[in-house]
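Here is a briefing on one model. Please look over the sequence and the structure before reading on.

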Amino acid sequence: MIHGQEGVKFQNWAQTYGSSPELYFQPTSVEEIREILDLARQRSKRVKVVGGGHSPSDIACTDDFMLHLGKMNKILKVDEEKRRVTVEAGILLSDLNVELSKHGLALPNLGAVSEVAAAGVIGTGTHNTGIKHGILPTQVVALTLLTASGQILECSESASPRIFQAARLHLGCLGVVLSVTFQCVPEFCLVETSFPSTLQEVLDNLDSHLQRSEYFRFLWFPHSENVSVIYQDHTDKPPSSSTSWFWDYAVGYYLLEFLLWLSTFLPGLVRWVNRCFFWLLFTRKVENVNLSYKIFNYECRFRQHVQDWAIPIEKTREALRELQATLENSPGLVAHYPVEVRFARGDDILLSPCFQRDSCYVNVIMYRPYGKDVPRLDYWPAYESIMKKAGGRPHWAKAHTCTRKDLEKMYPGFRQFCAIREELDPTGMFLNPYLERVFY
Ligand SMILES: Cc1cc2nc3c(=O)[nH]c(=O)nc-3n(C[C@H](O)[C@H](O)[C@H](O)COP(=O)(O)OP(=O)(O)OC[C@H]3O[C@@H](n4cnc5c(N)ncnc54)[C@H](O)[C@@H]3O)c2cc1C
């Protein structure tokens with residue numbers, strides 16, 4: 001009989017949400033997972049699988065049974081001809097990146113961190129940037145689900161295609177994802193070039209930036225017109241780096257954290273910090289070359305609160321200008337840098353924020369210097385209402401206040417997803433308080 005641990009405390013990466021699961025399991029086989037589901041059924045408990053615990057919301061929290069698949073993290077198959085890899089769902093992308101490299105393969109796109117699990121990263125619709133690229137779940141060509149009834153479901157475009165379009169972005173509520181097959185590409189290097197610009201210039205020339213660079217994004221420094229443009233593109237150049245410990249860490253990390261902490265007593269300081277740090281760290285052209293995953297992944301600095309909505313790409317200018325005007329017209333509102341603006345191609349995944357439309361993601365943060373919360377209770381609703389007005393859809397992993405009523409309007413495929421969820425999990429075994437807000 002599989003043993004569940006008592007007294008485990010779960011906390012997400014940002015330490016903004018946590019829970020105390022009654023029992024915490026680390027199964028090593030499908031049979032053990034089945035036993036856990038049987039026990040949950042007998043005791044009327046709910047079950048939550050946690051991946052890397054990186055979601056900045058309570059989506060992975062539970063006070064019932066928590067499963068961590070860290071011991072189910074093997075590579076099951078590499079098909080070098082089709083360039084596909086099948087992995088157990090608990091593998092961290094940081095391990096997968098290294099293994100793929102040994103086969104001359106890579107994932108075509110990645111988010112900012114790789115300490116996330118294969119099933120977890122697709123579960124919330126993780127994205128990066130690049131208008132020719134979809135969000136990470138679009139890289140999935142097949143997956144296996146263990147449903148609440150103990151049935152194993154193989155899903156792909158040809159096997160259970162209806163469930164596949166739901167399960168590629170599953171929110172952890174359709175069953176336990178056992179394995180995932182990713183479409184890969186030949187291993188590649190990227191050259192990352194960042195250079196200073198202004199919000200006006202970037203918004204005026206958005207199409208041209210999107211065409212000029214495969215993975216284009218930009219960082220806007222709120223309370224100013226300053227922007228740092230980042231291009232990432234395939235290259236044959238040898239790896240090189242122009243990062244400096246002094247500027248990146250001594251200034252960009254330790255001094256910044258201290259000043260942001262100070263700003264919790266003097267909020268006006270934030271405006272000065274945003275301008276000053278742009279001038280110190282982002283006014284020269286910088287170039288780095290490395291393997292793709294080493295460039296895609298970047299330092300997210302300290303723990304933070306975060307919101308990230310996807311809006312139709314044609315609303316980018318209007319929404320950002322409105323956010324800027326709101327910040328300027330409300331002297332009490334302060335916003336940390338950066339507001340990160342990324343792009344993704346439309347897709348057909350039911351709960352994808354990019355469902356049937358090319359999108360722009362506007363990611364806003366409020367850091368927690370030394371773990372201290374900075375007031376954001378005016379900023380957050382102002383941002384949300386601008387995103388809603390622009391026809392936005394929230395990132396599932398991040399903070400949002402949407403309930404079923406909002407989500408039904410935002411996601412054309414929402415009801416279809418709900419029907420599939422109710423079919424696969426009629427008793428709500430895989431729900432938790434976050435998912436109840438979403439579905440009820
Ligand atoms: C520093 C940092 C940087 C980030 N950068 C980005 C970024 O660039 N782009 C972006 O879009 N997001 C980003 N995120 C958000 C992050 O990518 C998502 O929250 C992602 O889902 C985290 O993966 P995880 O493995 O930690 O999942 P968790 O947070 O552990 O879980 C996420 C969901 O997946 C479910 N789940 C996990 N494994 C299984 C399984 N085997 N079966 C069923 N359900 C499962 C969980 O129940 C939960 O519902 C970032 C977060 C942090 C903290």
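Predicted model: local features only at pLDDT ≥ 70, side-chain atom pairs only at ≥ 80, totals over all residues.

Residue numbers start from 1 along each chain as its sequence is written. The chain splits into domain 1 (10-67), domain 2 (75-186) and domain 3 (189-394). These bounds come from an automatic or database domain assignment. Domain 1 (10-67) and domain 2 (75-186) both give residues to the shell around the ligand, so the ligand lies between them.

**Domain 1 against domain 2**

- The C-alpha centres of domain 1 and domain 2 are 20 Å apart.
- Domain 1 puts 12 residues into the contact, and domain 2 puts in 15 residues. Contact between two residues requires C-beta atoms, placed from the backbone, within 7 Å.
- On the domain 1 side, helix 1 (30-43) and strand 4 (47-50) are the elements that give two or more residues. Helices (H or I, at least four residues) and strands (E, at least two) are DSSP runs, numbered from the N terminus.
- Helix 1 has the largest share of that side, with four residues.
- By class, the domain 1 side holds six nonpolar, four polar and two charged residues. Nonpolar covers Ala, Val, Leu, Ile, Met, Phe, Trp, Tyr, Cys and Pro; charged covers Asp, Glu, Lys and Arg; the others, Gly among them, are polar.

**Ligand shell**

- The ligand is surrounded by 35 residues, and the closest are Gly51, Gly52, Gly120, Gly123 and Gly172. A residue is near a molecule or strand if its C-beta atom, placed from the backbone, lies within 6 Å of it.
- At least two shell residues come from each of strand 4, helix 3 (118-123) and strand 11 (176-183).
- Helix 3 supplies the largest share, four residues.
- The shell contains 20 nonpolar residues, 14 polar and one charged.

- Three strands make an open sheet in the order 3-5-4, with parallel pairing. Strands pair if DSSP finds at least two bridges between them.
- Strand 3 (23-25) and strand 4 are the edge strands, each pairing on one side only.
- From one strand to the next, the twist averages 25 degrees. Axes are lines fitted to C-alpha atoms, for helices over the stretch in contact, and angles run from 0 to 180 degrees between N-to-C directions.
- Strand 4 and strand 5 (residues 65-68) run parallel, joined by four bridges. Val47 has Phe65 in strand 5 as its bridge partner.
- Helix 1 lies across strand 3, strand 4 and strand 5, at about 170 degrees to strand 5.

- Five strands form an open sheet in the order 6-7-11-9-10, and the pairing is antiparallel.
- Its edge strands are strand 6 (75-79) and strand 10 (152-156), each pairing on one side only.
- Strand 7 (residues 84-88) pairs with strand 11 in the antiparallel sense over five bridges. Arg84 stands opposite Gln183 in strand 11.

**Helix pair**

- Helix 7 (residues 245-262) packs on helix 8 (residues 269-281) at an angle of about 175 degrees, with axes 10 Å apart.
- That makes helix 7 roughly antiparallel to helix 8. Angles over 145 degrees count as roughly antiparallel, under 35 as roughly parallel, 65 to 115 as roughly perpendicular and the rest as oblique.
- Helix 7 brings residues including Trp247, Val251 and Gly252 to the contact, while Leu269, Val273 and Phe277 are among those from helix 8.
- This contact has 11 nonpolar, one polar and no charged residues.
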